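Colleague: I am new to this one. Please walk me through how to read it.

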Amino acid sequence: MEIAYSLSIALQSHQPLITAIIITLLSLLAVRSFFKSPHHKSNVTGTATSSAKKQAREARPSSSCNHTSNSAALLNGGAAGPAEEDMVMADVSKAVAEMQSGASMMEQLVPEITTHALSYLDYPSLCRLSMTNSLMRKAANDDNAWKALYHKDFTLEQDTVTPVNGWKAYYAATRAIMNVNTEFFNIIKDMSLSAMSRFWLNADYVKCIHASGVLFSGYNAVIQSWQHAFNWEQGVDFQVRDVRARVLTNMAWITMKTYVDMDNGAFNMTNIFEFHHGRWYLVDHHCSEMLADGDIGQQIVH
């Protein structure tokens, strides 16, 4: 158990190196697929035969010894007889033919091995790999690879979800809404009322509950609440942890834990977004102070 744990820690500490090695190996495998083009497949037999003969002659030892055909004599520098020469020519011819036939090692890998290898790549590396060639694009677009990347970057909670457009599209949508959510906290840090006004959907059903517990309903009331908050408070740089997102076609919600500092000022937050006119808008924000364990018990009793 300790050995496995140590190996896991070592792999995590060398993640960038492992990623670089995997990209290099997969790229080299992709280059081999170039030899599958028709002009490389032509004259394979003739080229293989001539190459085999040449390599067989070069493989023949220069030193002379007794005319013996046993393997010990060959290993000790003895000359190969006609039978051995034919065997060498046959083996070399087969190897050259296989090399020039353009058989791709990537295509011969078991799909599970390919997916496991790609799981070590991050989002930018997987995108770059898909632009290498058609073979790499097919491998990098594998749904299982994107599902593994989603679980690594976001959450395991949605393991049973089957995205309509596949895990690659679902990963991109989740990444987009995460970026929008990050923008929300940047606006709070900058105390920009104009940016906050554009961030919310201008509708009468939007809702906002600040940490005070007061509910504000409707666009005008919500924006006024943020105006008061920015007037009375300094810009807050929240530390956001444990982010969980769920994305549907035109709606998404995110839950998270936020900290003013890691010792005090902890809050549970929920943001709900709707998609209108090509972008996401905030329609509901709920912030509440995280309760201590004892407080939780009292809340349940009452």
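Modeller: Start with a helix pair. Asp143, Trp146, Lys147, Leu149, Tyr150, His151 and Asp153 of α11 touch Gly166, Trp167, Lys168, Tyr170, Tyr171 and Thr174 of α12. Contact means heavy atoms within 4.5 Å. Helices (H or I, at least four residues) and strands (E, at least two) are DSSP runs, numbered from the N terminus. This is a predicted model: local features need pLDDT of at least 70, side-chain atom pairs count only at pLDDT 80 or more, and totals for chains, interfaces and linings use all residues. Residues are numbered from 1 along each chain as its sequence is written, and side-chain values use heavy atoms, leaving out hydrogens and water.

Colleague: At what angle do helix α11 and helix α12 pack?

Modeller: Two packed helices are described by the angle between their axes and the distance between the axes. Here α11 (residues 143-153) and α12 (residues 166-190) pack at about 30°, with axes 7 Å apart. That makes α11 roughly parallel to α12 (angles under 35 degrees count as such).

Colleague: Which strands does β4 join by bridges?

Modeller: Two strands pair if DSSP finds at least two bridges between them. Strand β4 (residues 251-259) runs antiparallel to β3 (residues 239-247), with 7 bridges. A hairpin of 3 residues links β3 to β4. Another 9 bridges join β4 to antiparallel β5 (residues 266-276). Thr258 is the bridge partner of Val240 and stands opposite Phe267 in β5.

Colleague: Where is confidence lowest?

Modeller: pLDDT is the predictor's confidence in each residue, from 0 to 100. Where it is low, the predicted coordinates should not be read in detail. Helix α5 (residues 71-75) has the lowest mean, 40, while strand β1 (residues 207-209) has the highest, 98.

Notes
Axes fitted to C-alpha atoms, helices over the stretch in contact; angles between N-to-C directions. Parallel < 35°, antiparallel > 145°, perpendicular 65-115°, else oblique.
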